[in-house]
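Subject: Structure handover

Hello,

Here is the structure I promised you. Please open it and keep it beside this email while you read.

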Amino acid sequence: MNTDDAHATKSVAARLLTWDWISLCYVLFVFAQPYFSPQQAWWEWPLAIAVCLATVLLFAGTLLRGHYVRQTWTSLVPFTVIGAVATPFNTHASVLFIYAAAVAGKTLPSRTASLWFAGLTVLNTVTTVVSRVPMPYRLWGLISASIFLWLVGLLEMRQRGRRQERENERLRAAQAELLAAIGERERIARDLHDLLGHSLTAVVMRAQLTKELVPVDPERARAEAEEIERNAREALAAIRSTVSGWRRTNIRAELEAARRALAGTDVTLRVACDDNLILVAAAEHELGLALREAVTNVARHARASMCHIGLDADEERVRLVIADDGIGGTAPEGTGLNGLRERIAKLGGVVQRTGSAGTTLTITVPVEAAR
């Protein structure tokens, strides 16, 4: 027996070994009529035995197919037909209408199940009217079945609703987990892009400068090589912390990194920041990454001689401005700027880019999200 067959066998056994079998005890009432009948006919015992065997087989089939599969033609209709045929001769065979109501409550939509309950009640009444069982015995099956088919059916309907709600909750939890995983992957992708774009740009530019300085200024070349090593180590540490999920940056650290990055490209940096401005960690992290992305673009593409960084706030918003006097341009935005816009949008902020005379990137965040 292979693994799939073994699992299938275990699954069938698990569905059969259930407390639901206790519900079959009610079918034993079918034997009450031939046992207590004062004028017992020859066919009463065979009929009772046949009804019981049919009920057991249908019940087993219901369990094997599970509670969530529609069983109109394999359980509900057979229970109803056997009950309709047997009840005129054995009033307690109306218990099959109760089993039919249980199947309807488990498997059918609420409105359809309710219609089945009503139809089973009518059918139970009709079979009682044409019954060969003498009065008042036939009324026992009519009254008990009419009451319990509604009670059992509605109870099964309620339990089905609870099962569906639990399943919906499980699906919602799984969906939330999936969305969280997707969000985490996107976060790591954005962070890695920001880190690698900035750090590798600085490493490449300093490596080029070092190569030019080796023959003319060995001391400065050595200093640049040390800076390259330091940048590489910082990038490696930042990548590790990004993947682990706890990396946070801040404006001061990014301003210092911007000075070092632009120094290797002969770009003069001017900073005008409010030293008294205190931001919440999440907002400062996102603004710091935005600053890093903007400075990287200045170093790589702007061909600028001057870069200005400003950070201020008023009663409504916090504003970060990065402006250069480079070539400007209206080229489509790349992955970095798109990721930057997504980050700032999560804070309720906006990013504006102008590129006619140089490039100016203006980032505004609502003050309630930043302070």
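A residue counts as buried when its relative accessible area is under 20%. Keep that cut-off in mind. Also note that this is a predicted model.

Start with the aromatic rings. The structure has 6 aromatic pairs. One of them joins Phe117 and Trp150 edge-to-face, with 5.5 Å centre to centre and 70 degrees between the planes. Phe117 sits in helix H6 (residues 110-129), while Trp150 sits in helix H7 (residues 137-213). The pair therefore ties together parts that are 33 residues apart in sequence.

Is Phe117 buried or exposed? Its relative accessibility is 0%, so Phe117 counts as buried. Trp150 is partly exposed, at 30% relative accessible area.

Next, look at Tyr137 and Trp140. They also form an edge-to-face pair: 5.2 Å centre to centre, 85 degrees between the planes. Both residues lie in helix H7, 3 residues apart, which is about one turn of the helix. Tyr137 is partly exposed, with a relative accessible area of 37%.

Elsewhere, ring pairs link Phe59, Phe79 and Tyr99 into a cluster.

Now the helices. How do H5 and H6 cross? The axes of H5 (residues 95-107) and H6 come within 9 Å and cross at roughly 170 degrees. Angles over 145 degrees count as roughly antiparallel, so H5 and H6 are roughly antiparallel to each other. On the H5 side, the contact includes Phe97 and Ala100. On the H6 side, Phe117 is among the contact residues, as is Trp116. By class, this contact has 9 nonpolar residues, 3 polar ones and no charged ones.

Best wishes

Technical notes: Residues are numbered from 1 along each chain as its sequence is written. This is a predicted model: local features need pLDDT of at least 70, side-chain atom pairs count only at pLDDT 80 or more; totals for chains, interfaces and linings use all residues. Side-chain values use heavy atoms; hydrogens and water are left out. Rings of Phe, Tyr and Trp (its six-membered ring) pair if their centres lie within 6.5 Å; planes under 30 degrees apart count as stacked, over 60 as edge-to-face and the rest as tilted. Helices (H or I, at least four residues) and strands (E, at least two) are DSSP runs, numbered from the N terminus. Buried means under 20% relative accessible area, exposed over 50%, partly exposed in between (1.4 Å probe, protein chains only). Axes are lines fitted to C-alpha atoms, for helices over the stretch in contact, and angles run from 0 to 180 degrees between N-to-C directions. Angles under 35 degrees count as roughly parallel, over 145 as roughly antiparallel, 65 to 115 as roughly perpendicular and the rest as oblique. Contact means heavy atoms within 4.5 Å. Ala, Val, Leu, Ile, Met, Phe, Trp, Tyr, Cys and Pro count as nonpolar, Asp, Glu, Lys and Arg as charged, and the others, Gly among them, as polar.
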